[in-house]
Amino acid sequence: MNQPAVLFDESHCGQCACGEGLDFEISFAFQPIVDVSNRSVYAYEALVRGASGEGAGDVLARVNERNRYAFDQICRVKAVKLASRLEMQARLSINFMPNAVYQAEYCIRTTLAAAKTYRFDTRQIIFEVVENESLSSPDHLADIIRTYQDMGFQTALDDFGAGYPRYDLLIASPPDLLKLDMGLIRNIDREPNKQAVVAGVVTMMQRLGGRVIAEGVETEAEYRWLRTLGIDLFQGYLFARPGFESLPEPHFPD
């Protein structure tokens, strides 16, 4: 794919009064989220990595209050740029830090400019946030989600069930997608208490008009039990491991 002329200076996309530029390089690995109902890739989640493939933990350890805004903005641009270079046809799921978004309408401008520059359809972007992300204001994330949804983006709440469930968020601004934490998924085929909790979450999301993604699925037994609930969006090693700067082809169980 030929790259068009750049419409903004990428080197300055994370620099403003709210943050400093980064002094380290980042890249991404991509892991597919699959729709088993039609055996397709629903989306690829962009998982932050170091420039040479270093793990997310090494990268996130270098994020602090001074560079959080720059990191969040540069992650968005890099993810969109790489997705375009790889000619991604599925949706792109980008993690964001709500404490780095001081005003949703303003902080989205860099993402929109990047999508225009690299010719990536903004309707294909999902913004994903971890459920237990520390927030200075509980209402702040709800406002961000509402704004992003009003602008036509899908939103996802990640790691649901890993900590204190954010039912306040689900009531105020239900996300389009809710990703079950892998702690709920592991050995669910053999644990009745987990089965009861997950069945309730699936029913809740159906009534809220959203969909559930089962994340971290590693065994066919886990997958098959979750399918009995009607879940059709999955992510995990059973289907594909993340690919550094590549789009792995998923494996679908028979």
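I began with strand S1 and found 2 bridges joining S1 to strand S9 (residues 243–244), the two running antiparallel. Across this pairing, phenylalanine 30 stands opposite glycine 243 in S9. A reminder to myself: this is a predicted model.

**Other partners of S1**

I then looked up strand S8 (residues 233–235), which is antiparallel to S1 and joined to S1 by 2 bridges. Here aspartate 35 stands opposite leucine 233 in S8.

Next came strand S2 (residues 40–50): 10 bridges join S2 to S1, and again the strands run antiparallel. S1 and S2 form a hairpin with 4 residues between them. In that turn I noted arginine 39, which has a positive phi of about 55°.

**Is S1 covered or open?**

How many residues of S1 (residues 26–35) are buried? I counted 10 of 10, so S1 is mostly covered, buried being under 20% relative accessible area. In a regular strand, side chains alternate between the two faces of the sheet.

**Aromatic pairs**

My search for ring pairs gave 10 aromatic pairs in the structure. I opened the pair of phenylalanine 127 and tyrosine 148: the ring centres are 4.5 Å apart and the planes lie at 35°, so the pair is tilted. Phenylalanine 127 is in strand S4 (residues 125–130) and tyrosine 148 in helix H5 (residues 138–150), so their pairing ties together parts 21 residues apart in sequence. Both phenylalanine 127 and tyrosine 148 are buried.

I also looked at phenylalanine 160 and tyrosine 167, with centres 5.9 Å apart and planes at 80°, so this pair is edge-to-face. Are these two buried or exposed? Phenylalanine 160 is buried at a relative accessible area of 2%, whereas tyrosine 167 is partly exposed at 40%.

Finally, I saw that ring pairs link Phe96, Phe127, Tyr148 and Phe153 into a cluster.

**Charges over rings**

I found the charged end of arginine 91 over the ring of tyrosine 42, 4.0 Å from the ring centre. Arginine 241 has its charged end over the ring of tyrosine 237, 4.0 Å from the centre.

**One glutamine**

My last stop was glutamine 195 in helix H8 (residues 192–208). Glutamine 195 counts as buried at 17% relative accessibility. Leaving aside neighbours within four places in sequence, glutamine 195 is in contact with Ile188, Asp189, Arg190 and Trp225.

How values were computed
Residues numbered from 1 in each chain as written. Predicted model: local features only at pLDDT ≥ 70, side-chain atom pairs only at ≥ 80, totals over all residues. Heavy atoms only, no water. Phe/Tyr/Trp six-rings, centres within 6.5 Å; stacked < 30°, edge-to-face > 60°. Buried < 20%, exposed > 50% of the residue type's maximum accessible area, 1.4 Å probe, protein only. Lys NZ or Arg CZ within 6 Å of the ring centre and 35° of its normal. Contact = heavy atoms within 4.5 Å. Pairing = 2+ DSSP bridges.
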